[in-house]
Each structure stands twice: as C-alpha cells, then as structure tokens.
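This report concerns a protein model and the contacts within and between its chains. Please consult the sequence and structure shown here before reading on.

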Number of protein chains: 2
Amino acid sequence: MKRYTLKAALSATPVAEDFVAIDVPYPDCPPGGIVVRTIYLSLDPYIGSRLRGRHMGETPPAPMADAIPGAIVGQVVESRAPGIAEGDYVHAMEGGWQEYAALPPGHFRKLDPAAAPLRAHIGVLGMPGLTAWAGITQLAKVTAGDVVLVDAAAGAVGGTAGQIARIKGAAKVVGIAGGPEKCRLVTDTYGFDACIDYKAEGWQAALKEALPEGASVFFENVSAEMAMTALSVSRTYVRGVLCGLADAYQSAGPAPHALNAGAVIGKRAQMLGLVVYDFYPRWDEYVTEASGWIRDGKLAFAEDHADGLDSTPALFGKLMRGANVGKPIITVSEEQA
Amino acid sequence: MKRYTLKAALSATPVAEDFVAIDVPYPDCPPGGIVVRTIYLSLDPYIGSRLRGRHMGETPPAPMADAIPGAIVGQVVESRAPGIAEGDYVHAMEGGWQEYAALPPGHFRKLDPAAAPLRAHIGVLGMPGLTAWAGITQLAKVTAGDVVLVDAAAGAVGGTAGQIARIKGAAKVVGIAGGPEKCRLVTDTYGFDACIDYKAEGWQAALKEALPEGASVFFENVSAEMAMTALSVSRTYVRGVLCGLADAYQSAGPAPHALNAGAVIGKRAQMLGLVVYDFYPRWDEYVTEASGWIRDGKLAFAEDHADGLDSTPALFGKLMRGANVGKPIITVSEEQA
C-alpha cells in the first residue's frame with residue numbers, strides 16, 4: 001500500500017517537495033485494535049511544527065519510514081477490538097498519510113454516520129472543533145453578552161470558535177483573517193459580525209473601530225504578538241484563550257513568544273493556556289452537541305478539498321503558506337468501498 | 001507644617017538624596033472631607049515607579065510642591081465629613097509624606113482601633129494585605145491541598161499572601177526571597193514551609209527540589225522572568241497571579257516583561273493579572289476577616305520601622321535597594337496626640 005513519508009529530516013517550513021510516496025506492506029491488525037481504510041485525511045497547522053519535533057515534545061516521524069501524522073476518518077476492514085465490526089466508521093488522530101492504518105486500542109473513536117456527515121469529523125467535529133469548543137465553553141466560558149475576538153478566523157479552529165461563541169450567546173463576534181476571500185468566508189459562511197483583514201493597510205485602526213466596547217474574550221491562534229494586539233482592543237478583565245502559535249509552527253526560526261506581563265496586569269487579563277489533548281475524554285460529548293448544531297444549520301464549515309492521497313503534499317504546502325481557504329481535507333478513498 | 005517633596009523630576013531609581021523637606025501652610029479642610037494628623041506612613045515599592053510616572057498612568061508629583069504619595073494612618077483633627085468626628089482614626093491611600101493631610105470625601109476609610117493595632121493598617125491590613133488577599137482568595141482561589149509558591153516572600157504582599165494561602169488550606173507554601181535574613185523571616189515569622197534564597201548559588205535547583213510535586217498556584221511580585229521560573233516548577237493547570245513587577249518599579253530602564261506564551265500553553269496555565277484598585281470596595285470586608293486572623297495569631301507581620309518624618313527618605317532608599325527586612329513604616333507622630 002501507499003504511504004507518504006519525509007524525504008529527510010526537516011529544519012525549515014515544510015513544502016510539497018519534502019514528501020515522497022513509498023510502498024509499504026499492508027499492516028497487521030494489532031491485538032485489540034483495528035485496521036482501517038483511510039477515507040478522509042485532515043491537514044492541520046500543528047503538523048508543520050510536529051514534523052520538526054517542535055510540538056509538545058513529540059518525536060518527529062522518521063524519514064523514509066514513518067507515515068506523516070494526520071487525523072483520519074476511516075472504515076474498519078479488520079477488527080480485533082470488542083464492539084467494533086468490519087464496516088464501522090472511526091476517527092483516529094494517528095491515521096497518517098497512507099491508504100490503510102493499523103490502530104491499537106484507545107487510538108480511535110467509533111463514529112455514528114447518521115449523526116453528521118462523515119467528512120465533518122475532519123475539522124468541525126474533529127480536533128479543531130473540539131479545540132474551539134474547549135476554549136470557548138470550558139476556558140473562556142463565553143456567555144450571553146460577551147464580545148469575542150478570534151484570529152485565524154477563517155481556519156477550522158477560529159471559524160468554529162466564533163460560531164460556538166455565537167451559539168453560547170455572544171453579543172458580537174469579530175474575526176481577523178488574511179485577505180478578502182478569507183474574510184468573506186468568516187462573515188458570509190461563519191456569520192461573524194465583522195472580519196478584519198490583517199493584510200490590509202490600517203487594519204489595527206479598523207480592528208479598534210470594530211470593537212469600540214472592547215473585547216471581553218479573545219481566542220488566540222497565531223502568535224504572542226497578535227495576542228498583545230488583541231489585548232490592546234480588549235476591555236478590563238478580558239479572558240484570553242492562548243490556543244496556538246501558528247506563526248511559530250510554520251516558521252523556520254525560533255519565534256518571539258513574548259506576552260507583555262505589564263499589559264496583562266494593566267488589563268486585569270486572564271491568559272488561559274489551552275491544550276486540546278486534555279479534552280479528548282470529552283470528544284463524544286462535543287460531537288453529540290455539535291452534530292445537533294450542524295443539523296440545525298447553526299454551525300457551518302468550509303473545506304479546501306482535494307482528491308487522492310497523491311494530492312496531499314501540495315495541499316499541505318498550501319496550508320503551510322496560509323493560502324488555503326477552508327479546512328484542508330483529502331479524500332483518500334470513497335465512503336463506500 | 002513639614003512636607004517631603006522631590007527636588008527635581010526623577011529618571012533613575014530614587015535614592016534618599018532625591019527628597020527634600022519644605023514648609024507648607026497647614027491645609028484647609030475640603031468640603032465633606034477631613035484633615036488628619038499623620039501617625040503612620042507606609043513606604044511601598046510601587047511608589048518608586050509612580051514617582052517617575054510609570055505606574056498605572058498616574059501623574060508623578062510635581063517637584064518642590066507636591067507631597068510624595070504614601071498611604072497613612074492618621075487621626076482626624078478637623079471634620080466636615082458626616083459620621084467622622086475629631087479624634088477618629090482613618091486610613092488613606094493619598095496621605096503622603098507630610099505632617100497633616102487634607103482628604104476629600106471618598107479618600108479615606110474609618111478604622112476601628114479596637115479590632116487590630118492601628119499600625120497593622122500599614123501593611124498587613126493595608127493595600128499590601130488587600131493585594132495578597134485578592135490574589136490568593138479572589139483570583140487564584142486557593143483551597144485545601146494547593147501547593148503555593150510566592151516570590152518577594154519577605155515583603156508585605158508576599159508574606160501575607162503565603163500566610164493567607166495557608167489559612168485557606170494550602171498543603172505547602174514555598175517562598176523566594178533575597179538573602180538568609182529575609183528567608184528566616186519567611187520561614188520563622190510567616191511560617192512558610194521553605195524559603196529559597198535567590199541570591200545563593202544553585203537556587204533554581206533548590207527551588208525545584210523544594211517543589212517535587214510542582215506548584216499549583218504561584219504569586220508573582222517581581223518580574224516576568226521570575227514568573228517563567230515559577231512556571232517551570234509548576235504543575236499542569238497552574239494558576240499564576242501576576243501581581244507586580246517590582247524589578248521594573250525600581251530599575252531605571254525599560255524592563256523585559258516577557259512571558260513565554262508557549263510555556264503558558266504547554267503548562268495549560270492561567271495567568272491572572274491583578275490590580276488591587278479593583279478590590280478597594282471590599283477593603284472593610286478584608287480588614288474584618290484579617291483582624292480576626294491577627295488576633296488568633298494566624299497572620300503575622302514584620303516591620304522595618306523608623307521614627308520621625310525626617311527618617312523617611314533614608315528608609316525609602318533602603319526599600320528601593322531591596323535592603324529592608326519587613327514592611328517599611330514611619331512613625332510620624334504618636335497615636336495619642
């Protein structure tokens with residue numbers, strides 16, 4: 001079967017040419033585990049960091065051997081797991097860029113294909129959605145009347161965060177994104193009240209104008225510098241969710257991660273560090289709640305989609321350049337084999 | 001009457017020679033306000049910052065005119081305030097380095113001289129104590145079992161914070177202070193379990209050893225750099241109170257205020273900015289609670305005391321050098337006139 005791996009250890013921002021397909025044996029089914037046929041493959045910003053061993057202390061995949069990590073939705077083709085039958089659908093964080101994945105027990109969640117479209121489990125019901133939900137509902141605890149600022153708002157985390165904030169009663173949701181196309185997605189599809197294009201001249205003044213009352217919550221995905229911009233347009237007692245530092249995931253050198261302590265004190269801010277791993281035990285709870293929002297038309301998602309495992313390196317390179325509009329998702333095989 | 005003022009506008013860390021006594025007219029009593037005879041005068045680190053206009057946007061006192069700001073306990077000698085009689089005792093944040101102070105309505109709190117020693121309202125029942133209480137009980141919400149790390153632990157804020165943490169059920173309280181004498185105060189008088197001398201070689205290893213289980217709360221008074229040290233010996237989900245940046249108050253140049261966002265995220269930390277002004281409406285509540293702790297022998301305080309208004313510049317210079325052990329307090333006049 002086909003697998004994509006690294007040609008060599010990475011030191012710079014990944015590009016499409018860093019990846020190569022190799023032929024590997026069809027995997028054995030682990031004791032208590034399953035083998036799945038990959039249907040949908042998720043491409044996420046943190047992978048850019050993880051490939052260089054810069055993510056949460058995790059070892060990067062070995063060049064010319066290991067699959068590039070990536071979350072998947074797959075269909076079970078072989079099961080030694082109790083309660084899982086051939087033909088069942090599962091989500092797994094460690095499926096990877098390959099046609100089939102062997103998953104040990106505890107490394108997959110069974111999906112209900114009737115509750116939501118299978119592809120929604122990449123993105124809005126997947127790790128990005130769980131991240132957004134955790135930050136908005138568990139850390140910032142957004143309630144009626146909150147004024148919420150979200151950056152990387154066109155992304156799967158940011159777009160979902162803003163929508164969940166709205167569902168939880170936020171009075172106003174403002175996004176920051178790069179370029180008019182992403183901003184249109186944020187306002188027209190995700191329904192934010194406004195979106196500020198940080199690539200446009202005078203964007204910081206526009207941001208200030210969009211938030212005359214000051215944000216009561218901000219959700220930070222990009223960088224410490226951007227968090228300080230968000231803090232500057234926030235009101236006293238703002239809750240700031242520190243979710244990710246995508247700029248650092250994508251850049252080659254060490255990024256400045258500096259939050260200004262004086263500004264945090266002056267604003268009486270709460271800066272709340274978020275790691276989504278902590279919320280994996282609550283994933284099914286989130287999926288149940290959010291599937292209802294999708295059915296009710298309250299939670300939209302957008303995809304930057306490509307067909308076939310061979311289109312993965314190019315789409316990942318696009319993500320690393322920040323050129324994707326919508327969640328990058330690869331259809332590796334058909335839902336029905 | 002005598003008043004101490006600045007000789008000239010300051011640009012560097014204040015020293016005793018920056019201050020000069022001038023003779024000014026005895027003040028008029030403001031409408032609805034009072035005139036008090038200063039009994040005790042508080043010297044606090046933030047004044048070093050405020051004199052240079054670097055504190056919360058407040059205007060520095062005008063040289064050769066305004067009194068140096070400072071909290072006082074005083075006795076009312078003239079009253080146009082309802083409910084306040086001649087002979088009553090009050091606390092005021094803006095009494096200043098002078099023999100008598102005119103205080104407009106809303107700028108003083110009446111004290112009960114039977115509830116606690118009058119001098120306790122400088123320090124442990126004053127703004128430093130209120131700050132400690134707010135951080136420990138209202139922001140970090142310390143409860144049974146917490147492991148609490150406090151720096152500048154020999155100071156009025158830090159020493160009180162650790163003791164209140166213990167009263168609220170902390171399983172362990174560790175301090176950081178500069179030099180063996182301060183550390184003895186922290187362990188012997190304030191009853192911390194341990195105190196690490198940051199001026200001693202290998203102190204960071206000693207700190208780590210003192211907290212094998214990791215801090216669940218830290219209370220930061222010194223600098224962003226010290227906050228990052230505290231974070232490094234903390235457990236996941238630590239609540240960090242950002243109370244003050246005393247290093248910056250005392251230094252001449254701009255101080256690095258950088259909190260590392262990646263470290264905050266990795267530890268899932270809550271960084272909580274504290275400004276004590278927000279808790280002024282709850283001051284009487286704190287005094288009532290803490291007076292009981294003082295009577296019960298649960299809350300100790302130490303003073304670095306000097307007699308007479310003329311001893312103020314020298315004691316303030318000592319505070320700015322970090323050489324004081326205990327809360328700096330000046331007896332300006334006798335409790336009973």
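## A buried serine in chain A

S216(A) counts as buried because its relative accessibility is 5%, where buried means under 20% relative accessible area, exposed over 50% and partly exposed in between (1.4 Å probe, protein chains only). S216(A) belongs to strand 11 of chain A, residues 215-220; helices (H or I, at least four residues) and strands (E, at least two) are DSSP runs numbered from the N terminus. Its side chain makes a polar contact with the side chain of D146(A) at 2.6 Å. A polar contact is a pair of N or O atoms within 3.5 Å; within protein, one must be able to donate a hydrogen and the other to accept it, and residues adjacent in sequence count only if both atoms are side-chain atoms. When residues up to four places away in sequence are not counted, S216(A) touches D146(A), V147(A), R235(A), Y237(A), V238(A) and R239(A), contact meaning heavy atoms within 4.5 Å.

## Basis of the model

This is a predicted model, in which local features need pLDDT of at least 70 and side-chain atom pairs count only at pLDDT 80 or more, while totals for chains, interfaces and linings use all residues. Residues are numbered from 1 along each chain as its sequence is written, chains are lettered from A and ligands numbered from 1 in the order in which they are written, and side-chain values use heavy atoms, with hydrogens and water left out.

## The two domains of chain A

Chain A is divided into domain 1 (2-123 + 302-331) and domain 2 (127-277), with bounds that come from an automatic or database domain assignment. Taken over C-alpha atoms, the centres of these two domains of chain A are 28 Å apart. In chain A, 23 residues of domain 1 are in contact with 17 residues of domain 2. The two domains bury about 1600 Å² between them, with 55% of it on carbon and sulfur atoms; buried area is the accessible area (1.4 Å probe) that two parts lose on being put together, summed over both. R54(A), G123(A) and V325(A) supply 27% of the area that domain 1 buries against domain 2, more than any other three residues.

Between the domains of chain A there are zero salt bridges, a salt bridge being a side-chain nitrogen of Lys or Arg within 4 Å of a carboxyl oxygen of Asp or Glu. Four residue pairs are in polar contact between these domains, both residues at pLDDT 80 or more. On the side of domain 1 that touches domain 2, helix 1 (46-50) and helix 10 (312-320) of chain A are the elements that give two or more residues. Helix 1 of chain A gives the most, with three residues.

## The interface of chain B and chain A

The contact between the chains takes 25 residues from chain B and 25 residues from chain A. The area buried between chain B and chain A is about 1900 Å², of which carbon and sulfur atoms give 65%. Two salt bridges are found across this interface. R268(A) and D278(B) meet through their side chains in a salt bridge (2.7 Å, N to O).

## A buried proline in chain B

P69(B) lies in the loop between helix 1 (46-50) and strand 4 (72-79) of chain B. With a relative accessible area of 7%, P69(B) is buried. P69(B) and M93(B) are 24 residues apart in sequence and 8.0 Å apart in space, C-alpha to C-alpha.
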